[in-house]
Amino acid sequence: EKKVIAQTNTQRNQNQSYGAQVSYTEPLGGRKYLEVNYSIRTNRNDVLRDVYNVNGGVPTYNDTLSNRYNSNYVYNRPGFNLRMNRQKYNITVGASYQHTQLKGDLTLRDTSINRTFENILPVVRFNYDFSSLKHIRLDYETSMQEPSIQQLQPVIDNSDPLNLSSGNPNLGPAYAHAIRLNYTQFDPASSIGFFAFINATYTKNAIAYSQTVNPQTLVRLTLPVNVADNLRVSGNFNFGFPIRKLSSRISVGPTASYTRGINLINLQENRSDQRTYGGTFRYDYTFKE
């Protein structure tokens, strides 16, 4: 059976962001320092989405699919860092407390969203100099990804009638641990260099998407959900050396990445693993100085 849907859909978005950060560093003696910092940021978003059903050329306002809302995120983040400098290395250890307040109004539905998210976010930074030509750096950071009001509001979006989407008011924030390891070695006299970069991000309570297909109508509904975790690891290595007699330089670099994720299809949890391998080969020829 053929069904024709005639609608007009217009949407206007307006976004404003403001932020400020202050920090104070106190020397503790022995090349140790205490840094106290505080940052505040606001993000306001206003959306007007009007949907009209068109029947015989006459538009009729669709209250169910239309949406008008405003949201305001307020981020407060006090923190501290303890830094210690030595001849061969320096290390920074710290933490911050992030308090996020979301207030939103769905004006067409006379509904308000008021959510608070809180987390402790530690950080560690470590640099070590084997020599003036060899360095290694390790960074560990944590972050919180709060759901947007679009992901929280239970409003159907039928821009594509066969692929509907909606928000999830029970959605929680994701918590990510990120580790970056960099090693660099370069000799200016010989122009031989080696660089290695390894990055890993583990996200707890990650935000993913659930897809449910109606077996009768074959319409798919997508909404955001929290899953246990996901993981991404990537590595990039590069080795370069000159061939002076040929006025040339060659560099080779393998790359690899691994991603593990979770999604839901018809309420069944599916785990996916993706591995990617690649690399680069580069040849440079210098005709003249």
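Here is a walk through the chain above, from its overall build down to a few single residues.

First, some ground rules: this is a predicted model, in which local features need pLDDT of at least 70 and side-chain atom pairs count only at pLDDT 80 or more, while totals for chains, interfaces and linings use all residues. Residues are numbered from 1 along each chain as its sequence is written, and side-chain values use heavy atoms, with hydrogens and water left out.

Let's start with the overall build. The chain has one helix and 16 strands; these are DSSP runs numbered from the N terminus, with helices being H or I of at least four residues and strands being E of at least two. The radius of gyration is 26 Å, well over the 19 Å that the globule rule gives for 289 residues, so the chain is more spread out than a compact globule. That radius is taken over C-alpha atoms, and the rule is 2.2 Å times the number of residues to the power 0.38. Along its principal axes, the C-alpha trace spans about 80 × 55 × 40 Å.

How much of the chain is buried? Buried residues make up 27% of the 289, where buried means under 20% relative accessible area, exposed means over 50%, and partly exposed is in between (1.4 Å probe, protein chains only). The accessible surface comes to about 18,200 Å², and 55% of it belongs to carbon and sulfur atoms; the areas come from the Shrake-Rupley method with a 1.4 Å probe, and for residues only the protein chains shown count as cover. As for contacts (heavy atoms within 4.5 Å), residues 24 or more positions apart account for 60% of those with a separation of 6 or more.

Now for the inside. A nonpolar core here is a set of buried Ala, Val, Leu, Ile, Met, Phe, Trp, Tyr and Cys residues joined through side-chain atoms within 4.5 Å. The largest one has 14 residues, and Y69, Y73, L102, I113 and L152 touch the most other members. Strand 4 (67-85), strand 5 (89-106), strand 6 (111-129) and helix 1 (149-152) each give two or more residues to this core, and the largest share, three residues, comes from strand 4. Look at Y73 in particular: leaving out residues up to four places away in sequence, Y73 touches R41, T42, N43, T100, Q101, L102, F117, E146, P147 and S148. There is also a second, separate core of six residues, including A206, A208, V227 and I262.

I250 counts as buried because its relative accessible area is 14%. Beyond four places in sequence, I250 is in contact with F239, G240, F241, I243, F281, R282 and Y283.

T25, in strand 1 (residues 7-29), is partly exposed, at 36% relative accessibility. With residues up to four places away not counted, T25 touches Y33, L34 and E35.

Finally, the backbone. Most residues other than glycine have a negative phi. R31, in the loop between strand 1 and strand 2 (32-55), has a positive phi near 60 degrees. S191 also has a positive phi near 60 degrees, and lies in the loop between strand 10 (174-187) and strand 11 (192-204).
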